[in-house]
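Please read them with the structure open beside you.

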Amino acid sequence: MSSTIGISNVNRVYTDTDGNQVNALNDVSLDIRPGEFISIIGPSGCGKTTLLRLIAGLDKPQSGTLTIDDTRITDVSPERGYVFQQGSLFPWLTVENNIAYGLKARRVFKQNRDKIGKYISMVGLNGFEKSYPHQISGGMAQRVAIARALINEPKALLLDEPMGALDSFTRADLQDKLLELWKENGITMILVTHDIDEAIYLSDRIVIMTPRPGKISRVIDVDLPRPRHRGGGEFLAMRRSILQFFELAQAEPQPEYVI
Amino acid sequence: MNGQIALKGGLQNAAANEKPAEKTGVKWGYKHNGYYALKTLFTVAGFIAAIIVNIVFPQKAEVEFKTYIISAFGLQLSLDINDAYIFVLFALILVFLGIGLASLNDKDKRKKYCRSAAFRFALGIALAVWDIGGTKLQIFPQPFFPGPAQVIETYLADGAYVVQNTLYSLRLYACGFSCGVLLGVGTGILIGWFPKVNYWVFPVLKISGVVPAVAWMPFALTLLPTSFTAAVFLIVICAWFQIAFLTAQGIQSTPKQNYEAARILGSSQLDLIFHVAIPHAMPDIFTGIGSANAMAFTTLVMSEMLGQPGGLGYYINQSKVWSAYYKVLAAIVIMAVLFSLINYFIGLIRRRTLRWQEGVLKK
């Protein structure tokens, strides 16, 4: 089911609206193990979403390579599911038709019709099959988005701040759901977030990125036993050390002040 | 102090009101059967009044009441135009009673029916006033404002011809508008999807779109083989530009994220057009169809008035020549009913298609 994702020496430069060159990713290398839950955290502008879009195939690097099971990633593929921050559901389709979209797009709907019900109950949305996206809450909409990605049985699920727009109760609820789905499906999870607690609670490893230029500064192994307790001593210690890292990172001299 | 007392009174009243409510089971309102019966009576009371006025009010002005013989279902019916008017009033009463009966078991329809009662009552009263002013006393300027009985005379005297012209209009509209919608949506999709088409076609559409379609009539009438195709052409272009414009806008405003999500889920390019862009553009397409529809009615009647061998516009023109204003009014009544029906059906299709928007938009 799951697979190895290799990122080596990837560079991505953007030209912003003022014509300036923005170094979104600078020589980024990372190996993601099969079945791993990995989080990418960092302040805005550090290139974490850019990296996720490159893995998805929505964007291409200027140099460097991205591979999945030793094949180059050149385009998008249903084998790398993607969950957007919000609002990516098709508003004209019901919950069940949104979830069925991948099956229909891949022309395998008829033989897999019964899978829809399975995925609806997997994300706990029984009774909302016929609802339209605007009729359900934000947390439910994200669960639909996750089910929609999972029904294609991807090797990896890429999550771009899927809980960024949710309130803290819904967020905690969805985090547990995500862990459950991860265990059930045994796929690789790559989560982009700016929430340190979320990263510690969910991940096997945390990748810390820093901006200007966007690069990986540190990779932390989270070897806390599961299920994790958000208020536990080790949990808080790890949280403190990550926060300290960011304060230090910010104290480093910035290139624009160098004459 | 006063407020307190009023509050107490209110509470006591509420308690007192509970007892009769328990008996009938329903509060006084549109859900209550007695209330509903009264509203039904109110609805038809105006038309009953119109009948009474017609019978009781003395005929002062000199109006010729021609008698026509109608044969239907093997029966020969001799009817003067005043009888026909009363007959129509009876029919209206039956129709509104029928609607009342049909709405009996539907909560929303009941509410709507009760709310319409006052207006329907006023409609009946207006008919009575029109009858007095147009037929009984003829105080309205003649021959421009004949009474309701004379307007109905048109359908008795000229029935088959009116039907023939109505069908002609309907055929013209159906041909022109359906072609216009198909071409408009098609062009709109091409413009919205392909930047090249947008670059070359969109400005042409924008400039020619502001010209009223009837301006092209001289060309249409001389270049096209029949006057029917000429009128179809005019309706086509008036619908085409409007719908293409809005379809293109709807396609172009599809969020990038929807395309990206669809691509990752396995969509082909064609899927992106047919399962993402077009569904997203649907509300705009229907806005285009709605406004194009109104323009199509105008174009239809204008072109019928200016160069068609039939149609309601042609009928109006022909009647005007003979100063038969009662026939003009009769044709206008048919237009009002016909175009309202067309609008109703378009609205029905729109609500069906855009069911997913229910509750998002303010009604």
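The points below go from overall confidence to each chain, then to the contact between the chains.

1. Chain B has an average pLDDT of 87, and 92% of its residues score at least 70.

2. Helix α1 (residues 2-24) of chain B has the lowest confidence in that chain, with a mean of 45. At the other end of the scale, helix α9 (residues 256-264) of chain B is highest, at 94. Over residues 1-22 of chain B, pLDDT stays under 50. For this stretch the model has one contact beyond four places in sequence. Where pLDDT is low, predicted coordinates should not be read in detail.

3. Make-up of chain A. Seven helices and 10 strands are assigned in chain A. Taken along the principal axes, the C-alpha atoms of chain A fill a box of roughly 65 × 45 × 35 Å. Buried residues account for 41% of the 259 in chain A. Of the contacts in chain A with a separation of 6 or more, 70% join residues 24 or more positions apart.

4. Make-up of chain B. Chain B has 12 helices and two strands. In order from the N terminus, its elements run α-α-β-β-α-α-α-α-α-α-α-α-α-α. The C-alpha trace of chain B spans about 70 × 70 × 50 Å along its principal axes. Chain B has a radius of gyration of 28 Å, whereas a compact globule of 363 residues would have one near 21 Å. In chain B, 33% of the 363 residues are buried. Among contacts in chain B with a separation of 6 or more, 73% are between residues 24 or more positions apart.

5. A helix pair in chain B. How do the axes of α10 and α12 of chain B cross? Helix α10 (residues 269-307) of chain B and helix α12 (residues 325-353) of chain B have axes that come within 11 Å and cross at roughly 175 degrees. An angle over 145 degrees counts as roughly antiparallel, so α10(B) is roughly antiparallel to α12(B). From α10(B), the contact uses B:M282, B:F286, B:I289, B:G290, B:N293 and B:F297. From α12(B) come B:F339, B:N343, B:I346, B:R350 and B:T353. By class, this contact has six nonpolar, four polar and one charged residues.

6. One residue to check. B:Y259 sits in helix α9 of chain B. Leaving aside residues up to four places away in sequence, B:Y259 touches B:T254, B:L272 and B:V276. B:Y259 and B:I346 are 87 residues apart in sequence, with 29 Å between their C-alpha atoms.

7. The contact between the chains. Chain A puts 21 residues into the contact and chain B puts in 16 residues. On the side of chain A that touches chain B, β6 (80-83) and α2 (95-105) of chain A each supply at least two residues. The largest share, three residues, comes from α2(A). By class, the side of chain A that touches chain B has 12 nonpolar, seven polar and two charged residues.

Conventions
Residues numbered from 1 in each chain as written. Chains lettered and ligands numbered in written order. Predicted model: local features only at pLDDT ≥ 70, side-chain atom pairs only at ≥ 80, totals over all residues. Contact = placed C-beta atoms within 7 Å. Helix = DSSP H or I, 4+ residues; strand = E, 2+ residues; numbered from the N terminus. Nonpolar A, V, L, I, M, F, W, Y, C, P; charged D, E, K, R; others polar. pLDDT = per-residue confidence, 0-100. Axes fitted to C-alpha atoms, helices over the stretch in contact; angles between N-to-C directions. Parallel < 35°, antiparallel > 145°, perpendicular 65-115°, else oblique. Rg over C-alpha atoms; globule rule 2.2 N^0.38 Å. Buried ≥ 20, exposed ≤ 12 C-beta atoms within 10 Å, placed from the backbone.
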